[in-house]
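Visitor: Before we start, I would like each label you use to be set against the criterion behind it. Please show me the model, and then I will ask about the wording.

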Amino acid sequence: MTALHLATPADADRILPMMAAFHREAGITRSDEQRAEALAPLLDGSPLGVVYLIGPQRSPIGYVVICFGWSIELGGMDGFIDEIYIRSGVRSRGLGSEVLLSLPKALAGAGLKALHLEVRRDNARARSLYKKLHFTPRDEYSLMTRYL
């Protein structure tokens, strides 16, 4: 079982380089300062989300960010996997699957009713993996965003 550790402000220097690598791979344009500013409240204990280190705490192999919301339809608190990243050198070993199987169990114990994630429609490999892990597409819904 791959270890998960709740990240704290002391972990920022371990998370930010991985976050920069993920953003480069995903084509997300953010400066180092913007990433640090967005990450800090979650590491400081904001009730809006959490960050977990994946693997050994001193030398993590990845991270996952979960942001919390509330859904009347789903009956309470829900979570959105905002980012999940595994270092390229250790991918394809089932580590991401382990994380995505263990997180829902742990979060359900804390009262979470549903866990969501976003995946590109053209990423068949990821969509297949997420389906195997019991994430189901809500075809009648489409995520829409208004940037402020």
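Guide: Please keep in mind that this is a predicted model. The protein has 4 helices and 5 strands, and along the sequence they follow the pattern β-α-α-β-β-β-α-β-α.

Visitor: Why is the protein called as compact as a globular protein of its length?

Guide: Its radius of gyration is 15 Å, and the globule rule gives 15 Å for 148 residues, so the protein is as compact as a globular protein of that length. The C-alpha trace spans about 40 × 30 × 30 Å along its principal axes, and 36% of the 148 residues count as buried. Among contacts with a separation of 6 or more, 55% join residues 24 or more positions apart.

Visitor: What makes β3 a paired strand, and with which strands does β3 pair?

Guide: Pairing asks for at least two bridges between two strands. Strand β2 (residues 49-54) and strand β3 (residues 62-71) have 6 bridges in the antiparallel sense, while β3 and β4 have 10, also antiparallel, so both pairs meet the criterion of at least two. Tyr52 has Val64 in β3 as its bridge partner, and Ile66 has Ile81 in β4 as its partner. Between β3 and β4, which form a hairpin, there are 4 residues, and Gly75 in the turn has a positive phi of about 90°.

Visitor: How do you know that the span of α1 is close to the expected one?

Guide: Helix α1 (residues 12-26) has 15 residues and reaches 20 Å from its first C-alpha to its last, which is close to the 21 Å expected at 1.5 Å a residue. Gly27 follows α1 and has a positive phi, near 75°. The buried residues of α1 include Ile15, Met18, Met19 and Phe22, and the buried residues of this helix pack against α2 (32-43), β2, β3 and β4.

Visitor: What makes a set of residues a nonpolar core, and which residues have the most contacts inside the largest one?

Guide: The members must be buried residues of nonpolar kinds such as Val, Leu and Ile, joined through side-chain atoms within 4.5 Å. The largest such core has 20 residues, and those with the most contacts inside it are Val64 and Ile66. The elements that give two or more residues to this core are β2, β3, β4, α3 and α4, and α3 gives the most, with 5 residues. Apart from this core lies another, of 15 residues, among them Ala7, Met18, Phe22 and Leu39.

Visitor: Which residues is Val64 in contact with, leaving aside its neighbours within four places in sequence?

Guide: Among them are Val50, Tyr52, Ile54, Ile81, Ile84, Val99 and Leu103, and Tyr52 is also the residue that has Val64 as its bridge partner.

Conventions:
Residues numbered from 1 in each chain as written. Predicted model: local features only at pLDDT ≥ 70, side-chain atom pairs only at ≥ 80, totals over all residues. Heavy atoms only, no water. Expected span 1.5 Å × (residues − 1). Buried < 20%, exposed > 50% of the residue type's maximum accessible area, 1.4 Å probe, protein only. Contact = heavy atoms within 4.5 Å. Rg over C-alpha atoms; globule rule 2.2 N^0.38 Å.
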